[in-house]
Amino acid sequence: MTRAISGEELAAGLEQRIPGSIIGTSKESILVNNQSLLSLAAHLKTEPGLEFDFLSSITAVDYYDYFEVIYQLTSLEHNHSIVLKVRCHDRENPAIPSLVGLWRGAELQEQEIFDLMGIRFEGHPNMKRIVLWEGFQGHPQRRDFLSW
Amino acid sequence: MDLVPTRRFVYSDADLDQHEGEVIEALKARSQQPIPDQDQWLSEKAPEAGILLTSVDKVIDWARSNALWSVVCFPACCAFEFISTAASRFDISRFGMEIIRASPRQADLMITAGTLTWKMAPNVRRIYDQMAEPKYVIAMGACGISGGIFQSSYGVVPGYSRIVPVDVYVPGCPPRPEALLYGIRMLQDKISKAKVFRK
Amino acid sequence: MVMKTEPLVLNIGPAHPSTHGVFRMRATLDGEVIIDVEPIFGYLHRGIEKLAEERTYQQFIPLTDRLDYVSAMGNNMAYCMAVEKLAAIPVPERAEYIRVIMAELQRIASHLIAVGSFLNDCGAFMTPILYMVREREKIVDLFEMVSGQRLTYNYMRFGGLSQDVPDEFLPALRKFIDQMPRYLDEYDQLLKENEILLARTKGVGILSKETAINCSMTGPMLRGSGVPWDLRKADPYSVYSRFEFDIPCGARGDSYDRYRVRVEEMRQSVRIIRQAMEQLPVGPVRSKTPVMLIRPPAGEVYSHVESPKGELGFYLVSDGSIAPYRCHIRGPSFINLTALREMIVGWKVADAIVIFGSIDIVMGEVDR
């Protein structure tokens, strides 16, 4: 059974290593500061005992006030999981750091989020529309997109 | 001996993507109305032709209707019902059409198995344009008729008739192989009524 | 001596018989060797995730059938499990067992198509797939008995199934389960040691263990590279913890290993179905849940299952209304394409088709 590490438990240790990186926690997830996402993710990937080597899924949700990007991390070795969340308050030009350098599996998913949600991932090697064509107006996964 | 690529391309990837987008938008603007079905002539009273021409008509129509070769145009789910139809259980070769051509120039029937999106629409139109006359289209499945369950989506073409003229519509989501075979029989009937020589 | 050549751009797809639907690869060739490849998606992008927001929870079940249309039952199960987790709906024993039987039958059907079209890509045009479709038709008949549909079943509901299996289903299933190992032996006889197949697939398109994990590969792709990761064992859902089965793994991570993993998985599925039939309890197949509208409490949930292609996940966000606020689908076929470039670059065009066939994608799930 994959053990879901509790957010509070993990956040206590992380806060000592990278101060100011955690904004909030919940039972299964930790909410991470935008600026320290990269260093925190690298820490989660390499730290012995954690070793989240498998990025299972990335998704983004539009809450009108802010966008939330959700990373589902799993460790194939220890068989445990954690959910990382990042928020982005700028609606006009949202951007967060890309995790392609750590997990190649993020490549297509980040591109898809850019296409459908309009969040730019800084540092992504090929940030362009993936499923829709160039010249399509708007980003359909946003809540204020009208399809007809 | 090493092989070294010497120069980059005339068009960059970004240019190609840009061009593709322009083509799609242009086609989308052009095809807001469905193409009317091309079968008014079925109900028209055919002009009397001579014995000779009628016999030639019959022979040509017989030949056309019994060797329909279909082209590969299988975007989505209905493709699997088409594969089932083509496989040994339902055996489409009873109708002289077991050959599925990858090249549109060797085919004369397009079975549009699946949802059509605006991004795919220029390619389908190009396949249709490349087919040799006489050519026929069977719109298979609810998506092919009207967009079906995906009609309200932002990327889906509401029916193949926006892009290509359709001869026979086969309803179902997806249609059973029997339904597809019935549709093919209907198309054969339709072809056998055609007048090759007209005044 | 250095010979100067010009690179050539070759578009493979979107309407190409070997691209399994409407996938497009923009390959750059140097002579016959592929030096770069860029996958281009979106030719079947139907906006399913957006359509989920416009529908109630129940109304979205038919759309999940059309995601990965080769394994519709598995998608039904994944989505229903996500909503059940979100709204805390219990599922009766018997329904769980029937779900497992359906999911495993669907796995066999999906792998049959995968292996058949893979051999098709290797150059054995149409003949192997005729064998595979012959067996698939038997499974489709079983599904038609329980749901009345041949491809898009729409059979599962929140808290169970739409209806119990008919009386004639279990004898027919037993007959099929007794036949299936013999068919698999037949394939092995024809293919396992086939010289041409070995020459075309052994050592072609090697995906190393580290790359596979780093690229988030799942399913037979990951197991073919030698990582024994199967959600049915690693994170057992439904009643999978009660069955005995093995996780077949490859050694080298080449196309042949992936093909072997799929064939072995079919044998394991037969094993699971046999055990499930023996343990199948009697009782209701649906717990007491509203038929039309459910209103899950506000919150979010990620639920995943092992679909034939890999990890199929549903991420649902509820705001307490009758429709999901956000529904994200983690399509395994889509994410398995991340490693396409690694595997294909350096091979010739004919090998690229074989490697691409061994990934086994379904466009409905790639583009969604």
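Reader: Helix α14 (residues 349–359) of chain C packs with α4(C) at an angle of about 175°, their axes 8 Å apart. Why are α4(C) and α14(C) called roughly antiparallel?

Author: The angle is about 175°. Angles over 145 degrees count as roughly antiparallel, those under 35 as roughly parallel, 65 to 115 as roughly perpendicular and the rest as oblique. So α4(C) and α14(C) are roughly antiparallel. This is a predicted model: local features need pLDDT of at least 70, side-chain atom pairs count only at pLDDT 80 or more, and totals for chains, interfaces and linings use all residues. Residues are numbered from 1 along each chain as its sequence is written, chains are lettered from A and ligands numbered from 1 in the order written, and side-chain values use heavy atoms, without hydrogens or water.

Reader: What makes the contact between α4(C) and α14(C)?

Author: Phe118(C), Asp121(C) and Cys122(C) of α4(C) meet Ile353(C), Val354(C), Gly357(C) and Ser358(C) of α14(C). Contact means heavy atoms within 4.5 Å. By class, there are 4 nonpolar, 2 polar and 1 charged residues.

Reader: How do you know that α4(C) and α6(C) are roughly parallel or antiparallel?

Author: Helix α4 (residues 93–122) and helix α6 (residues 169–191) of chain C cross at roughly 25°, and their axes come within 13 Å. That angle makes them roughly parallel. The crossing of α4(C) past α6(C) is left-handed (the near helix is turned anticlockwise from the far one by less than a right angle).

Reader: Which residues meet there?

Author: On α4(C), Ile101(C), Met102(C), Leu105(C), Ile108(C), Leu112(C) and Leu119(C). On α6(C), Phe169(C), Leu173(C), Phe176(C), Met180(C), Tyr187(C) and Leu191(C). The classes are 12 nonpolar, no polar and no charged.

Reader: Why is α3 of chain B called largely enclosed?

Author: Buried means under 20% relative accessible area. In helix α3 (residues 78–86) of chain B, 8 of the 9 residues are buried, so the rest of the structure largely encloses this helix. Among them are Cys78(B), Phe80(B), Glu81(B) and Phe82(B).

Reader: What makes β7 and β9 of chain C edge strands?

Author: The open sheet has 3 strands, ordered β7-β8-β9 (chain C), with antiparallel pairing. β7 (299–307) and β9 (326–330) each pair on one side only. Two strands pair if DSSP finds at least two bridges between them. Between β7(C) and β8(C) (residues 310–318) there are 9 bridges. Gly299(C) stands opposite Ser318(C) in β8(C). Helix α3 (residues 72–87) of chain C packs on this sheet, touching β7 and β8 of chain C. Its direction makes about 150° with that of β7(C).

Methods: Axes are lines fitted to C-alpha atoms, for helices over the stretch in contact, and angles run from 0 to 180 degrees between N-to-C directions. Helices (H or I, at least four residues) and strands (E, at least two) are DSSP runs, numbered from the N terminus. Ala, Val, Leu, Ile, Met, Phe, Trp, Tyr, Cys and Pro count as nonpolar, Asp, Glu, Lys and Arg as charged, and the others, Gly among them, as polar. Buried means under 20% relative accessible area, exposed over 50%, partly exposed in between (1.4 Å probe, protein chains only).
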